[in-house]
Amino acid sequence: MPSDSDDTLPPRGRFTRMRKLAGLSMQVGSEVLKSSAKRLAGGTPELLSRGAAEKLVSTLGELKGAAMKLGQAISMDPDLLTPEVRQVLARLQNQAPAMSYEQVARVVREELGAPPEEAFRDFSREPLAAASLGQVHRAVLPDGRPVAVKVQYPGIAESMAQDLQNVGMVVKTVSMASKLMDGSAYFQEFRDELLLELDYRREAELAKGFARAVAPLKDVYVPEVFSSHSAGRVLTLELLEGLTLKDWVPTGPSNEERFRVSGQLIRATYGPFFGTGEIHADPHPGNFMVMPDGRLGLLDFGSIKRFSPRFVDANQRMFRHATRMESMDVLGLSRDVGFTTELPDAEAEALIREILHIAGRPMRTTPYDYATCEISRDLRNHFARNAPRFLKIKPPAEAVMFFRSTGGLVQNLRLLGARGDFRGVFLEVAALLG
């Protein structure tokens, strides 16, 4: 039986991981500098070459954990990367380098008390998918039901903590240097949520709760959890058949099909949030599956975020005003959400109102074309132009995961690139609020 030094496992040791990331940063940083020089010279900028992207995938895929999650987020932004490079980085979404079957068997035996061959009627030696914290294997329960078994990488908890400790040092240093740049509360929120994802028993309970949250949405589905074959580092779920978004889009679905799936994604994001105060906060395209019967299957529930009633209520009121195209007290609602500001009221109100104006385009325009959507780019430019002033506007810490989810939703809708009556979809969601 291999030891934990098996080279298919994420490298351990805080300084080992820091050294690998530092080397990667030098290469990627060089690429970005070249891109900037090319932009200044009037050429066509390319943030990363294919070679640098391959290096990024290789290193982040090897490191897994928090580092790999960062790569997944980068791969979703169409404004930063060429289609060719984005296709390379998309492999981080569920095709990371796999750990050996011997390691998988060891974890299953330690967690379930029996090796895979005894715990299951059948267990595939080859992974169905491999991602940031664990990999998934197709299996069959003793009663004949097909399942997907997620097995956590040995040592990933330690590696995740080390990565976050490295990042935490940077955040702490910046925060000490300037009160305006203090991001410690946001980092703590993100850190806590990532570390919680390591507990598969917790994920099992979150999946059960999220299934209840999406139950009113008949075309959105959460797989059943099998607690008898789940533990702290092994999670067994009903096997969903279909294609993940990243694999479905290249099959060439019609605009009608892409619009239908887009509507499902919007409802799957805002329905549970407004209904039970929960949101799926890891929205990369590998976590959504287009099923043969037309339903949208959801995957990976470790990052389900539950929000305070105050946060949900204020966002409900803001959403209702936006869909009805009514005037609203932007600053008052923002404060109700939990925002604080050190700017004059009129100045803060104007900055926040522009964010809502940009983000709300699909709620006002019919039809809206997500293939040419520039929401992410325009928001990025708005923040860049007003960076010193935005440092004086502080969202609540819990907003970090909300922005992660809704920002990912926009990127997924851009990936689908459908054109249609999205205002009508958002009005359907608003109707659920009463």
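Modeller: The structure holds 20 aromatic pairs; rings of Phe, Tyr and Trp (its six-membered ring) pair if their centres lie within 6.5 Å, and planes under 30 degrees apart count as stacked, over 60 as edge-to-face and the rest as tilted. The rings of Y101 and F123 have centres 6.3 Å apart and planes at 55°, so this pair is tilted. This is a predicted model, in which local features need pLDDT of at least 70 and side-chain atom pairs count only at pLDDT 80 or more, while totals for chains, interfaces and linings use all residues. Residues are numbered from 1 along each chain as its sequence is written, and side-chain values use heavy atoms, with hydrogens and water left out.

Biologist: Which parts of the chain does the pair of Y101 and F123 link?

Modeller: Helices (H or I, at least four residues) and strands (E, at least two) are DSSP runs, numbered from the N terminus. Y101 lies in helix 5 (residues 101–112) and F123 in strand 1 (residues 122–130), 22 residues apart.

Biologist: Are Y101 and F123 buried or exposed?

Modeller: Buried means under 20% relative accessible area, exposed over 50%, and partly exposed in between (1.4 Å probe, protein chains only). Both Y101 and F123 are buried.

Biologist: What is the geometry of the aromatic pair formed by Y370 and F422?

Modeller: That pair is edge-to-face, with 4.7 Å centre to centre and 85° between the planes. F422 belongs to helix 19 (residues 422–431), whereas Y370 is in the loop between strand 12 (368–369) and helix 16 (375–385). Y370 and F422 are buried.

Biologist: How many residues of helix 19 are buried?

Modeller: Seven of the 10 residues in helix 19 are buried, among them F422, V425 and F426. F426 also belongs to an aromatic cluster that includes Y270, F307 and F319.

Biologist: How are the strands of a sheet held together, and in what order do the four strands of the open sheet run?

Modeller: Strands of a sheet pair through backbone hydrogen bonds, either parallel or antiparallel. Two strands count as paired if DSSP finds at least two bridges between them. Here the order is 1-2-3-5, and the pairing is antiparallel. Strand 1 and strand 5 (234–238) stand at the edges with a single partner strand each, so one side of each has no neighbour in the sheet.

Biologist: Which residue is the bridge partner of F123 in strand 2?

Modeller: The partner is A139. Five bridges join strand 1 to strand 2 (residues 134–140).
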